[in-house]
Amino acid sequence: MNLTGPYFGEFGGRYIPEALIAALDDLSDGWEKLKIDPAFKEELAELNRTYTGRPSIITEVPRFSQHCGGARVILKREDLNHTGSHKINNVLGQALLTRSLGKTRVIAETGAGQHGVATATAAALLGLECTIYMGAADIRRQALNVARMRLLGAEVVSVNQGSNTLKDAINEAFREWVATVDTTNYIFGTAAGPHPFPALVRDLQRIIGDEAREQVLALTGSLPDWVLACVGGGSNAIGMFTAFLDDEDVRLVGLEAGGEGIESGRHAAPISVGDVGILHGAKTYLLQDEDGQTLESHSISAGLDYPGVGPEHAHLSAIGRVEYRPVTDAEAMEAFALLSRTEGIIPAIESAHALAGAMKIGTANPDATILVNLSGRGDKDVETAAAWFGLDGSATREVF
Amino acid sequence: MGAAEKIDAAKAKGGAAFIAYLPAGYPDVQASADAAIAVVESGADIIELGFPYSDPGMDGSLIQAATHEALSKGFKMKDLFGIVEQVAATGAAVEVMTYINPIFRYGFDAFARDFKNAGGAGLITPDLIPDEADPWIEAADRYDLDKIFLVAPSSRPERLKLVADSCRGFVYAASTMGVTGARSSVDNRARELVADTRAHGAERVCVGLGVSTGEQAAEIAEYADGVIVGSALIEALRDDPSLARLRALASDIAAGAHGEG
Ligand SMILES: Cc1ncc(COP(=O)(O)O)c(C=O)c1O
C-alpha cells in the first residue's frame with residue numbers, strides 16, 4: 001500500500017480528489033506487481049516486436065546536419081512506430097495493466113490526437129471499450145486523428161471548457177473517471193498528473209532511451225554529447241533522458257514550445273518561465289497568474305500546448321541535470337521544412353522543436369554528436385504545415 | 001465561529017445543519033455576498049463559498065459555468081476576503097471550498113492570516129488529501145481554522161481513519177462517485193459512508209453532492225450531521241436574480257435539515 005506517492009524532489013504528489021485515491025492505489029500496486037512479472041514482460045516485448053515494430057531504428061542525417069553547424073546528428077525514429085509516435089509504447093503497457101486490473105473500458109485525453117489514436121488502437125487490439133476526451137479547438141486542428149480514432153471504434157468527446165485544449169480534456173477525463181472508476185481505467189498520455197502516472201509512463205517510455213543508448217554506442221563507439229527531446233507533458237523526453245541520467249558527460253536538453261516568443265506571453269514553456277504550482281494532481285512548474293489561475297498556453301503544435309509539465313522534469317530542471325530551452329513556432333517550422341527536404345523525413349511538429357534545438361546547439365558546437373528523439377511523424381500536421389507555408393494544394397507547375 | 005459549534009447547535013434542536021454552497025463572485029462580487037446573506041436569513045447555518053478556479057476538477061457543469069462567469073468578470077483573491085467579511089457578519093460560519101493551487105500560490109500562512117482576519121472559519125479542500133496537506137494543516141492550526149477533507153464511497157478503511165483524524169469542523173462525505181450536480185435521489189451509499197466514517201472516529205459527518213430538495217435534506221438529516229446543497233441553490237440564483245426563488249428553496253431545505261419539515 002503506497003499512501004504517499006514518490007516525489008521528485010519537491011515535485012509530484014497526488015493532489016486529487018479522495019474519490020480517486022483507491023483507483024490510483026490500485027494502479028500503483030498493480031503496476032509494481034506487473035512490471036516484474038515475467039509473463040507481462042514477455043507479452044509487452046512481443047507486442048513491441050510484432051505490433052509496434054520495436055526496436056525502432058536510429059538514422060544518421062548528414063544532409064540535415066549541414067544546417068546544424070556540421071555536428072553529427074542522429075535521430076531515434078519513434079516516428080516509425082505503429083500509429084506514428086512514441087505514445088504507443090506507453091499505451092500498450094497501460095492497456096495490459098487495465099486488463100490485469102479486471103477493467104473493461106479505458107478513457108484518455110488527447111491534444112494532438114496521437115495519444116488518443118494510440119489508446120483507441122490498443123483498445124481495439126485488446127477488446128476494451130474506449131472513450132477519448134479532446135478539446136474542441138484540437139478537434140478542429142487535428143481532424144484526421146479524430147477520424148482515425150472513430151474508425152478504430154472509439155467514442156470521441158468534444159470538450160468545450162476553458163481553452164478547449166488538452167488541459168481541459170484532462171479535467172474532463174478526470175471528472176468522468178470519478179464516476180466510472182469501477183469499470184474504467186484512465187490511460188494517461190504523458191509523464192504528468194498524480195502519482196503513479198509520472199513514474200508509470202516513464203517506466204514504459206524508457207525503452208526509447210535504453211535502445212537509443214545502445215544503438216548510438218554501437219554506431220559511434222561512444223555516447224552522444226547531447227541528447228535532445230521536445231517537452232509537452234514530458235513523456236518522450238523522460239523516456240529518452242532516463243537512460244542517460246547517470247552519464248555525467250552527456251548534456252540533456254528538453255525543448256519547450258516557445259510559441260510566438262517568450263516575451264509575447266503566447267507560449268507553452270512552463271519550465272523556462274513558469275512558477276511552481278499544482279495542476280492535474282501534481283506539484284510542478286506551471287503557467288499561472290498571481291491568483292494561481294492557470295494561464296492559457298499557446299503552441300503551433302497541439303501536442304505541446306499544455307500549461308504544465310511532468311514533475312520529474314521540474315525536478316531535473318531544479319537540480320540542474322537537464323536544461324530546458326524554448327523554441328518558437330517559427331524555429332520549429334523551419335526545422336520541420338529542413339528535415340523534410342534534406343532527408344525525406346516529415347517530422348511531427350512536436351519533434352521539430354527538438355530538431356530546431358539541434359540546429360542551434362549544433363551551430364554552437366560543430367564537433368558534437370547530437371542524439372535527437374524524433375517522437376513522431378508529421379502526417380497529422382500536413383494541414384497545419386501547408387497553411388504555415390502557404391501551400392494551397394495546387395501543383396508546383398502545370399503542363400498542357 | 002467554526003462549523004462544529006453550528007452543527008452542534010442544529011443537533012441540539014433535533015435536526016442537522018444546513019450547509020449552503022455558493023460560488024464567490026457569481027453573478028458578481030456584491031451579488032454573491034447578497035445571495036449568501038439571503039441564504040443565511042433563510043436558515044443556512046454554514047455558508048460554503050466556492051473560490052472560482054480555472055480548472056475545477058470536481059465540479060459539474062452548473063458550478064463550472066458559474067465560476068467561469070465569475071472569473072471572466074475578473075474575480076480575484078482579494079474579492080474573496082470582502083465577501084467572507086460580509087457573510088461572516090451574519091453570524092454564519094463561513095467555509096471556503098477551494099482547489100488548492102490558489103491557496104498554495106498565496107502562501108498557506110498568509111492566506112490563513114488574511115482569511116481569519118476577514119472572519120472566515122476554514123477551508124474545504126476537494127483536491128487536497130491529508131497526505132499532502134501538512135503546510136495547510138500547520139497554518140490552519142496556527143490560526144484556529146477548520147480543516148475539512150473529503151471521504152468518498154471508494155475510500156478504504158485506513159483512509160476513512162486518516163481523513164477523520166485530520167479534519168476539524170466536520171468530515172465532508174461525497175455521497176456519490178461523481179461530480180457536483182443536483183440529482184433526483186441521493187445514493188444509498190451515503191448512509192453507509194456516514195456510518196463507516198463515524199466508526200473510524202469522525203465526530204461530525206456532513207453529506208453533499210446531489211441534494212436539491214427539503215425532502216432529501218430531511219432524509220439525510222436522519223443519519224448525518226449536516227446537509228450540503230450547492231447546484232440547486234445556484235440554479236435558483238441564476239434563474240431569479242431577485243433572490244425570491246433562492247430564499248424559498250433555502251427555507252425549504254433548512255426546514256428539512258432542521259427537522260421542521
Ligand atoms: C509526436 C509527439 N511528440 C511529442 C508529444 C508531446 O508529448 P510528451 O511531452 O508527453 O512526449 C506529442 C503529444 O501529443 C506527440 O504527438
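This is a predicted model: local features need pLDDT of at least 70, side-chain atom pairs count only at pLDDT 80 or more; totals for chains, interfaces and linings use all residues.
View 1. Let your eye settle on A:Glu248, which sits in the loop between helix H10 (235-241) and strand E10 (251-259) of chain A. With a relative accessible area of 75%, A:Glu248 is exposed.

**View 2. A nonpolar patch on the surface of chain A.** A:Trp388, A:Phe389 and A:Leu391 make up this patch, and together they have about 310 Å² of accessible area. A:Trp388 belongs to helix H15 (residues 382-389) of chain A. A:Trp388 is partly exposed, at 40% relative accessibility.

**View 3. An aromatic cluster in chain A.** Welcome to a gathering of rings: A:Phe174, A:Trp177, A:Tyr186, A:Phe188 and A:Phe197 form one cluster. The whole structure holds 17 aromatic pairs over all chains. One of them joins A:Trp177 and A:Phe197 in a tilted arrangement, 6.3 Å centre to centre with 50 degrees between the planes. This pair links distant parts of the chain, as A:Trp177 lies in helix H8 (residues 166-180) and A:Phe197 in helix H9 (residues 197-220), 20 residues apart. A:Trp177 is buried at 0% relative accessible area, and A:Phe197 is also buried, at 0%.

**View 4. A tilted aromatic pair in chain B.** B:Phe81 is in helix H4 (residues 77-88) and B:Tyr106 in helix H5 (residues 100-106), so the pair ties together parts 25 residues apart in sequence. B:Phe81 is buried, with a relative accessible area of 11%, whereas B:Tyr106 is partly exposed at 30%.

Terms used:
Residues are numbered from 1 along each chain as its sequence is written. Chains are lettered from A and ligands numbered from 1 in the order in which they are written. Side-chain values use heavy atoms; hydrogens and water are left out. Helices (H or I, at least four residues) and strands (E, at least two) are DSSP runs, numbered from the N terminus. Buried means under 20% relative accessible area, exposed over 50%, partly exposed in between (1.4 Å probe, protein chains only). Patches are made of residues with over 30% relative accessible area and no salt bridge: like charges are joined within 9 Å, nonpolar side chains (Val, Leu, Ile, Met, Phe, Trp, Tyr) within 5 Å. Accessible areas come from the Shrake-Rupley method with a 1.4 Å probe; for residues, only the protein chains shown count as cover. A salt bridge is a side-chain nitrogen of Lys or Arg within 4 Å of a carboxyl oxygen of Asp or Glu. Rings of Phe, Tyr and Trp (its six-membered ring) pair if their centres lie within 6.5 Å; planes under 30 degrees apart count as stacked, over 60 as edge-to-face and the rest as tilted.
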